[in-house]
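Trainee: I have a new model open on my screen. Could we walk through it together?

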Amino acid sequence: RNRAVRAIWLQKNSSRARTVIRDTCKSKTFFFSLLFFGMFMAMLYIATSRASWILLGLGLIAFGAALAFLFMPHVTARFEIWLRAFDPEIYHRDFGGSYQVVQGLFAMASGGLMGTGLGAGNPTQVPL
């Protein structure tokens, strides 16, 4: 009986995982697909208590990230912005530059480890 319940649970959740993967390919929200996949892998581990699922999940996340990096130009651009935010060529792009990332980095750096204090920050300097 316990195996039948697990099989039904795995079947339902694997179809949900396929839906998340399909929707990820259609949209540009790669982070949310990673979040949902992580939750799916956590539920799978809780249901089966097998540590091998964690390793398999990490491997699939790395594989999916590599595919997204290679075949989705917006993911490649985001990685490039993240890795070389202060490069003038990337910073001064008209569209998709790293201006917002750099402004956020400066805002976090000026607050220090504990922040500037309640009401003492200046979030209006970081563009939306």
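Mentor: pLDDT is the predictor's confidence in each residue, from 0 to 100. This is a predicted model, where local features need pLDDT of at least 70, side-chain atom pairs count only at pLDDT 80 or more, and totals for chains, interfaces and linings use all residues. Residues are numbered from 1 along each chain as its sequence is written, and side-chain values use heavy atoms, leaving out hydrogens and water.

Trainee: Which element of the protein chain has the highest mean pLDDT?

Mentor: Helices are DSSP runs of H or I, at least four residues long, numbered from the N terminus. The lowest mean, 70, belongs to helix H1 (residues 2–26). The highest, 89, belongs to helix H5 (residues 88–91).

Trainee: How far apart are the end C-alpha atoms of helix H3?

Mentor: The expected span is 1.5 Å times one less than the number of residues. For the 20 residues of H3 (residues 52–71) that gives 28 Å, and the model agrees, because its end C-alpha atoms are 28 Å apart.

Trainee: Is Ser 33 buried or exposed?

Mentor: Buried means under 20% relative accessible area, exposed over 50%, and partly exposed in between (1.4 Å probe, protein chains only). Ser 33, found in helix H2 (residues 30–48), has a relative accessible area of 10%, so Ser 33 is buried.

Trainee: And is Phe 79 buried, exposed or partly exposed?

Mentor: Phe 79 lies in helix H4 (residues 73–83). Its relative accessibility is 32%, so Phe 79 counts as partly exposed.

Notes
Helices (H or I, at least four residues) and strands (E, at least two) are DSSP runs, numbered from the N terminus.
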